[in-house]
Amino acid sequence: MTVDALTDVAGLRVGHATRAGDGWLTGTTVVLAPQGGAVAAVDVRGGGPGTKETDALDPRNLVQKVEAVVLTGGSAYGLDAASGVMAWLEEHGRGVPVGTDPAHVVPVVPAACVFDLGRGGDFRARPDAATGRAAVEAAAASAPGAPVPEGCVGAGTGAVAGQLKGGVGSASTVLDSGITVAALVVVNAVGSVTDPETGLLYGELWQGRARYPQAHIHEAARRHLAEVAAKNAPPPLNTTLAVVATDAELSKAQAQKVAGTAHDGIARAVRPVHLLHDGDTVFALATGARPLDAERPLALNDILAAGADLVTRAIARAVRAAESVDGPGGVWPSYGELYGGE
């Protein structure tokens, strides 16, 4: 049984730590790999990224596998959440061995952040090591194959998509080969996720699942967005983050190609993308449970195409799952509030 989420890749677990209220509107999401780690890669295309340990994922470098990936709010401050994840992994003996004592490990925990500072009202309310620990503990406590909460949770708590509320979304598929591919996204984009002329989600237009809002509903939505836009300071920095995962056996170079191609999925669902004040970053994870068909040199193509498709679908799901926010840090209506079931 599948749940149409990142956790359909066997062994992967997802945990959220969410802080909202009393000046807070932020959080952290952790993708926890199976014991022993997963091959990992990254592709950064935004002009203003906030990341940690991404150089370790270069195929030319030593580290082959990672135990976890951290997606977090709090801009560069929020990268401190990775420290809490590292501490938890060390306590469980998970990381790169660096000595004869099994307890001597160095967990490599790649991380990327989104800008949500002040969206709850307090600029200093941002994730820290304790938030990261809470998220990885939630991941570890979750059941195998558990559904992934979507919307305003974890790193998507304070996320904004253009003028709309953003959030977390996930999706998965099983290829004809039996290989599973899945994606998880945090949608916090400078660009719009909707067609300004119709209100249609770009991600659903591409999927062929277009549900065009009625003209009078779209016109009312446009008026409401114009009203609330005047109350919000322009977001100075925004980012869309994604993790694309598969149970296929991939090299680091192949995983990096998956991460790069998955950016096409962002470009289909958000316009514009990869700007100087975006930090768009995609991680790829491969658990290696299923070998690629050695007699099909282009077998990787199926994974590349699916990864991009799933990122697009996950972005649309994130926006649909988000809930409106009206607080001291700003007003961001949800797509559901504006368009209902359209």
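Two strands are taken to pair if DSSP finds at least two bridges between them, and the strands (E, at least two residues) and helices (H or I, at least four) are themselves DSSP runs, numbered from the N terminus. The structure is a predicted model, in which local features need pLDDT of at least 70 and side-chain atom pairs count only at pLDDT 80 or more, while totals for chains, interfaces and linings use all residues. Residues are numbered from 1 along each chain as its sequence is written, and side-chain values use heavy atoms, with hydrogens and water left out.

The chain has seven helices and 17 strands. Its radius of gyration, taken over C-alpha atoms, is 19 Å, close to the 20 Å that the globule rule (2.2 Å times the number of residues to the power 0.38) gives for 342 residues, so the chain is as compact as a globular protein of that length.

Six of the strands form an open sheet of mixed pairing, in the order 5-3-15-14-13-12. Strand 5 (65–66) and strand 12 (167–174) stand at its edges with a single partner strand each, so one side of each is left without a neighbour in the sheet. Within the sheet, strand 3 (residues 38–44) runs antiparallel to strand 15, to which six bridges join it, and Val44 stands opposite Thr281 in strand 15.

Helix 5 packs on this sheet in contact (heavy atoms within 4.5 Å) with strand 3, strand 14 and strand 15; its direction makes about 45 degrees with that of strand 3, where axes are lines fitted to C-alpha atoms, for helices over the stretch in contact, and angles run from 0 to 180 degrees between N-to-C directions. Helix 6 (residues 300–321) packs on the sheet too, touching strand 12, strand 13 (180–188) and strand 14, at about 40 degrees to the direction of strand 13.

A cavity is a set of points, on a 1 Å grid over the protein atoms alone, where a 1.4 Å probe fits but cannot get out, and its lining residues have an atom within 4 Å of a point. The largest cavity has a volume of about 40 Å³, a volume being the space filled by probe spheres set on the points, which are joined across faces, edges and corners. Strand 14 (239–248), helix 5 (252–269) and strand 15 (281–290) each give two or more residues to its lining, which includes Val244, Ala255 and Leu285.

Turning to the loops, Pro272 lies between helix 5 and strand 15, and the peptide bond from Arg271 to Pro272 is cis, with omega near -10 degrees.

Key. On a 1 Å grid over the protein atoms alone, a cavity is a set of points where a 1.4 Å probe fits but cannot get out, and a pocket is an open set with protein on both sides within 12 Å along at least five of seven lines; lining residues have an atom within 4 Å of a point.
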